[in-house]
Amino acid sequence: SAPEIIGACNTLFDDLLGTDSQSDVTAQPLHPHQPSSRNPVFAVLKKGDCTLEECQQAEGRYVAQAIRPALAAGQVVLCDRFSDSTLVYQGILRNMDLAQLRKLNDFATRGLRPDVTLLLDGDPRELVKRREDRGTVDKFELQGLEFQDRIRAGYLQLAQEEPDRILVVDALREPEVVTEEIIRKLEKWV
């Protein structure tokens, strides 16, 4: 859930940047039919609830209104979903041309790309057990394990194509171990 993600991100930022950093972590659902916040740094972009064009327009607005100003102010920006999600959900799952989607992403974001992406990976069969224990289900879980396998395979495909930028973390371990690995992997980026 967003509060858990924000808490984990704040811990990471404190560990990586120190408690006096100028970076901020907030949650802001971003959807073309929802208004954007004045200063969100942590974007939860709800891909799949909109057409590709609507998602691209929303992402472009978000980059212009929130991400670029935060970067210009020297802040670290952490997004829950960004262009890699478009490539997986729109490209790989819907068999759209990835090269064309990358061009659309570049146009929408004016060429802004993540420096690093963390892929928290795990077998969907194991992850569904964790979500059931927490009582959380979203629309992607409702589409079944085959669909989740395809999502995972799409992200792993991107990670294989860009191993220096997309860092894979085994998310099936204890949360403290996962957090420690994320901190280790991000230290060179912050």
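User: What's the volume of the second largest pocket?
Analyst: About 190 Å³, going by this predicted model.

User: And which residues line the second largest pocket?
Analyst: Glu53, Gln56, Gln57, Gly60, Arg61, Ala64, Leu104, Phe107, Ala108 and Arg110. Two elements, α2 (52–72) and α4 (98–109), each give two or more residues to that lining.

User: Which one gives the most?
Analyst: That's α2, with six residues.

User: How does the lining divide by residue class?
Analyst: Four nonpolar, three polar and three charged.

User: OK, switching to helix packing. How do α2 and α3 cross?
Analyst: Their axes come within 12 Å and cross at roughly 175 degrees, with α3 covering residues 83–92. Angles over 145 degrees count as roughly antiparallel, so that is what α2 and α3 are to each other.

User: Which residues meet there?
Analyst: On the α2 side, Leu52, Gln56 and Glu59; on the α3 side, Ser83, Thr86 and Gln90. By class, this contact has one nonpolar, four polar and one charged residues. Gln56 turns up in the pocket lining too.

User: New topic: how many salt bridges are in the whole structure?
Analyst: The search finds ten. One of them joins the side chains of Asp84 and Arg165, at 2.8 Å from N to O.

User: Where do those two sit in the chain?
Analyst: Asp84 is in helix α3, while Arg165 is in the loop between α6 (145–161) and β5 (166–170). They're 81 residues apart, so to speak a link between distant parts of the chain.

Definitions and conventions
Residues are numbered from 1 along each chain as its sequence is written. This is a predicted model: local features need pLDDT of at least 70, side-chain atom pairs count only at pLDDT 80 or more; totals for chains, interfaces and linings use all residues. Side-chain values use heavy atoms; hydrogens and water are left out. On a 1 Å grid over the protein atoms alone, a cavity is a set of points where a 1.4 Å probe fits but cannot get out, and a pocket is an open set with protein on both sides within 12 Å along at least five of seven lines; lining residues have an atom within 4 Å of a point. Grid points are joined across faces, edges and corners, and a volume is the space filled by probe spheres set on the points. Helices (H or I, at least four residues) and strands (E, at least two) are DSSP runs, numbered from the N terminus. Ala, Val, Leu, Ile, Met, Phe, Trp, Tyr, Cys and Pro count as nonpolar, Asp, Glu, Lys and Arg as charged, and the others, Gly among them, as polar. Axes are lines fitted to C-alpha atoms, for helices over the stretch in contact, and angles run from 0 to 180 degrees between N-to-C directions. Angles under 35 degrees count as roughly parallel, over 145 as roughly antiparallel, 65 to 115 as roughly perpendicular and the rest as oblique. Contact means heavy atoms within 4.5 Å. A salt bridge is a side-chain nitrogen of Lys or Arg within 4 Å of a carboxyl oxygen of Asp or Glu.
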